[in-house]
Amino acid sequence: MTRPEPDKTAPDLDVINLDASPSGDGCADCESATPPGWWLHLRRCATCGHIGCCDSSPGQHASGHYRLTGHRVIQTFEPDEAWFYDYPTRELFLGPALSEPTSRPAAQGSPGPSGRVPEDWRRRLH
């Protein structure tokens, strides 16, 4: 599934923290699971920097983070993408530059991480 291009600029949301560093290079919840999980795409919480996996991923940890914390805005954590998403309004928008890094390492690939993605990964997507 390809995300549409954002067609609006950022709303006035004081929940975006420009200084919050990403929690890591991969989904924090997949990494801490036993056994560790895998993801299709990554999302970054614009409030605290938590990296979670997208809703197509088995764990759906980015939206789980929103439900748990109320942190409503995420930004894609994929290379060459910059859109934001507001969970309550379901709107994509363009927003300010967040602190580096702004994406997973390009060499990490998607789905990822390498070595943990099952051969039948497409069948396991939501």
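This is a predicted model: local features need pLDDT of at least 70, side-chain atom pairs count only at pLDDT 80 or more; totals for chains, interfaces and linings use all residues.

**A loop histidine and its surroundings**

Modeller: H41 is partly exposed, with a relative accessible area of 24%. H41 sits in the loop between α1 (28-32) and β1. S56 is 15 residues away from H41 along the chain, yet their C-alpha atoms are separated by 7.8 Å.

The loop between α1 and β1 also holds P35. A cis peptide bond joins T34 to P35, with omega at about -5 degrees. A cis peptide bond also joins G112 and P113, again with omega of about -5 degrees. P113 belongs to the segment after β5 (91-93).

Next, β1 (42-45) itself. Together with α2 (61-69), β1 is one of the elements that each supply at least two residues to the lining of the largest cavity. β1 gives the most, with 3 residues. How many cavities of 30 Å³ or more does the structure hold? The count is 1. About 30 Å³ of space lies in the largest cavity. Its lining consists of R43, R44, C45, H50, G52, A62, H65 and I74. By type, these residues divide into 3 nonpolar, 3 polar and 2 charged.

C45 leads on to the cysteines. How many disulfides are counted? The answer is 0. The cysteine sulfur nearest to that of C45 belongs to C48, and it is 3.7 Å away. A disulfide needs two sulfurs within 2.5 Å, so C45 is in none. C53 is in no disulfide either; its nearest cysteine sulfur, that of C27, is 3.8 Å away. C45 is buried, with a relative accessible area of 2%. C53 is buried too, at 0%.

The buried residues of α2 are A62, S63 and H65. Seen down the axis of α2, they fall within an arc of 150 degrees, so they line one face of the helix. A62 and H65 are also among the residues lining the largest cavity. On the face of α2 turned away from the buried side are the exposed residues R67 and L68.

The aromatic rings come next. The whole structure has 3 aromatic pairs. F84 and F93 form a stacked pair, 5.4 Å centre to centre, with 15 degrees between the planes. Both F84 and F93 are buried. Y85 and Y87 form an edge-to-face pair, 5.3 Å centre to centre, with 90 degrees between the planes. Both Y85 and Y87 are buried as well. Ring pairs link Y66, Y85 and Y87 into a cluster.

Two backbone angles deserve a check. D80, in the loop between β3 (73-76) and β4 (84-86), has a phi near 65 degrees, a positive value in a residue other than glycine. D80 is exposed, with a relative accessible area of 85%. R90, in the loop between β4 and β5, has a phi near 60 degrees, also positive in a residue other than glycine. R90 is exposed, at 69%.

Terms used: Residues are numbered from 1 along each chain as its sequence is written. Side-chain values use heavy atoms; hydrogens and water are left out. On a 1 Å grid over the protein atoms alone, a cavity is a set of points where a 1.4 Å probe fits but cannot get out, and a pocket is an open set with protein on both sides within 12 Å along at least five of seven lines; lining residues have an atom within 4 Å of a point. Grid points are joined across faces, edges and corners, and a volume is the space filled by probe spheres set on the points. Helices (H or I, at least four residues) and strands (E, at least two) are DSSP runs, numbered from the N terminus. Ala, Val, Leu, Ile, Met, Phe, Trp, Tyr, Cys and Pro count as nonpolar, Asp, Glu, Lys and Arg as charged, and the others, Gly among them, as polar. Buried means under 20% relative accessible area, exposed over 50%, partly exposed in between (1.4 Å probe, protein chains only). Rings of Phe, Tyr and Trp (its six-membered ring) pair if their centres lie within 6.5 Å; planes under 30 degrees apart count as stacked, over 60 as edge-to-face and the rest as tilted. The arc is that of the directions from the helix axis to the C-beta atoms.
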